[in-house]
Every structure is written in structure tokens, then in C-alpha cells.
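Have the sequence and the 3D view open while you read.

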Amino acid sequence: MKNQAWLFKKLNLGLRMEIIINISLLMMAAILLIGFTISKINERKIIQEKIETGERMIQDFQVMFDFIARERKEFSLVHPLIKREIQGFIQIYIKERVFYDLVIVDHELKVIASKRAELVDKKYSSDFMVHSVQSGQFNTKIEKTGSFLSTHYKKLILCSPLWFRGKIAGGIQMEIPI
């Protein structure tokens, strides 16, 4: 214990020096707090921009659906010609952008097209997709690890219904990197 006496030793500083040291410590703490706050604000803005980019990508698919169905009275995603057109569009679309996964399902949650070919024509079992198709709402989910101070974002999952003449014709789920 005698070796640590220097740690608790009373420093004989003048009043002015103590005031300067205290103000300096408070200024340093304020600068760190401001820096951390600005960092978190920028992090949220980047995530919001990624979500908006994802919404625009989903709108691209909705426009593609509208284009395919423009002159058809009946529109079914299970029709072989429509499936082929959607799969072709996905192949072109994936080449230009980075996706972890991309799945398009019909209203019965049967996979119409996917980045992973083994999923096609199988039932897609994602609670996130089911909720989105049944509710008719756009949903987002962020997968992340870490704590509040050191968050590591893995991916952004976007899920949305696809519409045809006011009815839900299917759904789309995208997983994109953040």
C-alpha cells in the first residue's frame, strides 16, 4: 500500500490553477459529448438514407410489375411468362446492386423469383414477409450487434407488398448491406 501513496497524494495547487484545470476538464468532457452526439446523429441519417434507397428499389419493382401487367386484365405471378420476365428483371437488377438476398412471393407466399434459385416454387416462411403481405405495409428491420457505444450494423431488411389494381398480388423482401 505504501507504493501507491503517490496516487492519492494531495497536490498543492493555487486557486487559479485548480480553476483552470477544472474548466479544462469540463471543456474536454463537453467536446467529447458533442463529438459522440454528432456521430450518433450522422449514424441515424445514414441509416435513414439507406432505408430511403431501399424504398426506391422496391418502387422499381412495383413499376416493373405495373409495366408487365399494363395490358392484362388478369395478372397472376404464377403465370410462367410473367415468372420468366420477373426472374430476368431480377438477374439484371442484381448485377447492378449489392444484395444479400432478394425474394419475390405471390399472395400465397410461394416464391416466384429469388437471388437464391433453390427457393423458387417453394413456400417462403418469413414472419416479416407474412406480416407485410397481410397488413399491406412497408416494413424495415435492421440487424445489428454490439452495444450502444459500438454498434455494428449487419444488414437492412426491407419488406413490402406488391400491388396490382388496388389488391396485394405478392410481396418482396430485400436484404441489403448497410
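Predicted model: local features only at pLDDT ≥ 70, side-chain atom pairs only at ≥ 80, totals over all residues.

**The pocket**

Rolling a probe the size of a water molecule over the atoms shows where empty space is left. In this model, the largest pocket holds about 240 Å³ of space. Its lining is made of 13 residues, and the ones nearest the centre are Phe75, Ser76, Phe164, Ile168 and Ala169. Sorted by class, the lining has six nonpolar, five charged and two polar residues. Strand 5 (residues 167-177) gives the largest share of that lining, with three residues.

**Helix 3**

Now find helix 3, which covers residues 127-135. Which of its residues are buried? They are Phe128, Met129, Ser132 and Val133. Seen down the helix axis, these buried residues fall within an arc of 125°, so they line one face of helix 3. There's a simple idea to keep in mind here: an α-helix has 3.6 residues a turn, so residues three or four places apart point the same way. The face turned away from the buried side of helix 3 carries Asp127 and Gln134, which are exposed.

What do the buried residues of helix 3 pack against? Their partners are strand 1 (101-106), strand 3 (139-146), strand 4 (151-164) and strand 5. After helix 3 comes Gly136, with a positive phi near 75°.

Ser132 sits in helix 3, while Ser114 belongs to strand 2 (residues 111-114). Are they buried or exposed? With the cut-off for buried set at under 20% relative accessible area, Ser114 is buried at 7%, and Ser132 is buried too, at 0%.

Each serine has its own set of neighbours. Leaving out residues up to four places away in sequence, Ser132 touches Gln137, Asn139, Cys159, Ser160 and Pro161. With neighbours within four places in sequence set aside, Ser114 is in contact with Ile90, Gln91, Asp101, Leu102, Val103, Leu119 and Val120.

| Side chain | Backbone atom | Distance |
|---|---|---|
| Ser114 | oxygen of Leu102 | 3.3 Å |
| Ser114 | nitrogen of Arg116 | 3.0 Å |

Technical notes
Residues numbered from 1 in each chain as written. Heavy atoms only, no water. 1 Å grid on protein atoms, 1.4 Å probe; cavity = no way out; pocket = protein on both sides within 12 Å on 5 of 7 lines; lining within 4 Å. Points joined across faces, edges and corners; volume = space filled by probe spheres on them. Helix = DSSP H or I, 4+ residues; strand = E, 2+ residues; numbered from the N terminus. Nonpolar A, V, L, I, M, F, W, Y, C, P; charged D, E, K, R; others polar. Buried < 20%, exposed > 50% of the residue type's maximum accessible area, 1.4 Å probe, protein only. Arc of directions from axis to C-beta. Contact = heavy atoms within 4.5 Å. Polar contact = N/O pair within 3.5 Å; in protein donor to acceptor, adjacent residues only side chain to side chain.
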